[in-house]
Amino acid sequence: MRKSHPVRRVVLATAATVSGVVLLLSLKPSSDPASAQAGGTIPQQTAAAQESAQGGTGAAAGGAVTGDAVQTQYGPVQVRITVSGNKITKAEAVQAPKGGESDAKTALSIPKLTQDTLAKQTSQVDTVSGATYTSEGYKKALQSAIDKANEAASQAQPSAQPSQTAGGSAGAAAKTVTGAVSQTQYGPVQVRITVSGGKITNAEAVQAPKGGTSDQKTALSIPKLNQEAVAAGSADIDSVSGATYTSEGYKKSLQSALDQAGG
C-alpha cells in the first residue's frame, strides 16, 4: 500500500495539469480581441456605421451656399443658405446695409426675411414695409444662393438631367432662365424665372425702372408681377394700375424667358 501512494500522486498531478490546460484553452478564445471581433461583439457597431454611411443625415446633408452680393441704394446685400435634405434649413445675411438709418432698417427686416425664407422655401418672400430696397436686394441675393445650390445638386446627381430632358417630370432639376431686356419709357425691364417640373417656381426682375417716381412704381408693381407670374405660369398676367409701362415691359421680358425655357 505504501508503494502505491507515489503512483497515485503522479496520476492525480497529471490529471490536474491536463484539466488546467483544457480550462485555459477553453477560456483563451473569449479573451482574445481578434476572436471577439470575429464572434459578434464589434460587428454590431460596424453595422451601425454602415447604416450611417449608406443613408441618414450624412447622405441628406447639402451644406452652406453663399449667393452673389446684390448692390442696393443703401449698400450691398448677400445671403447664405444651408441646405439639407433638399430644404433650406438656415438663412442669414452675411452683408446688409449699415450706418445711419440703415442699421434700424436692417435690424427690422433681415430677421423677418430669413424667417420667411425658411417658411416659403423660395426667394418669393414678402417685402418688409419700410425696408423695400433691403428686401428686394435680399430676394435677389437669396435667388442667387438657391441657383448655386441647385447647380451643385444637379452636378452631384447627373442622373436627374435625363428626366428633365425627356419630359420635365417633377423630380427634374430646376432650370433658371433670364429673358431679354425690354426697353420702356422709364427704363429697361428684365425678368428671370426658375422653372421646375414644367412650372414657374420663381420670378424676379433683375432690371426695372429706377430714379424719381420710378422707384415707387417699381416697388409697387414688381412684387405683384412676380407673384402673378408664378401663379399664372405664363406671361398672360394683369398690369399693375399706376405702373402700366413697367408692367408691359415685364410681360415682354417674361415671355422671352418662357420662350427660352421651352414655353
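Trainee: Which side chains do Lys-139 and Glu-136 use, and what do they meet in?
Mentor: Their own side chains meet in a salt bridge, 3.4 Å from N to O. That term means a side-chain nitrogen of Lys or Arg within 4 Å of a carboxyl oxygen of Asp or Glu. This is a predicted model: local features need pLDDT of at least 70, side-chain atom pairs count only at pLDDT 80 or more, and totals for chains, interfaces and linings use all residues. Side-chain values use heavy atoms, without hydrogens and water, and residues are numbered from 1 along each chain as its sequence is written.
Trainee: Where do Lys-139 and Glu-136 lie?
Mentor: Both sit in helix α6, residues 132–156, three residues apart, about one turn of the helix. Helices are DSSP runs of H or I, at least four residues, and strands are runs of E, at least two, numbered from the N terminus.
Trainee: Are they buried or exposed?
Mentor: Lys-139 and Glu-136 are both buried. Buried is under 20% relative accessible area, exposed over 50%, partly exposed in between (1.4 Å probe, protein chains only).
Trainee: How many salt bridges in the whole structure?
Mentor: Seven. One of them joins Glu-204 and Arg-192 at 2.9 Å, N to O. That pair links distant parts of the chain, 12 residues apart: Glu-204 in strand β8, Arg-192 in strand β7. Both residues are buried.
Trainee: New topic. In what sense do β7 and β8 pair?
Mentor: Antiparallel, over seven bridges. Pairing takes at least two DSSP bridges between the strands. The two form a hairpin with two residues between them. Gly-197 in the turn has a positive phi of about 65°.
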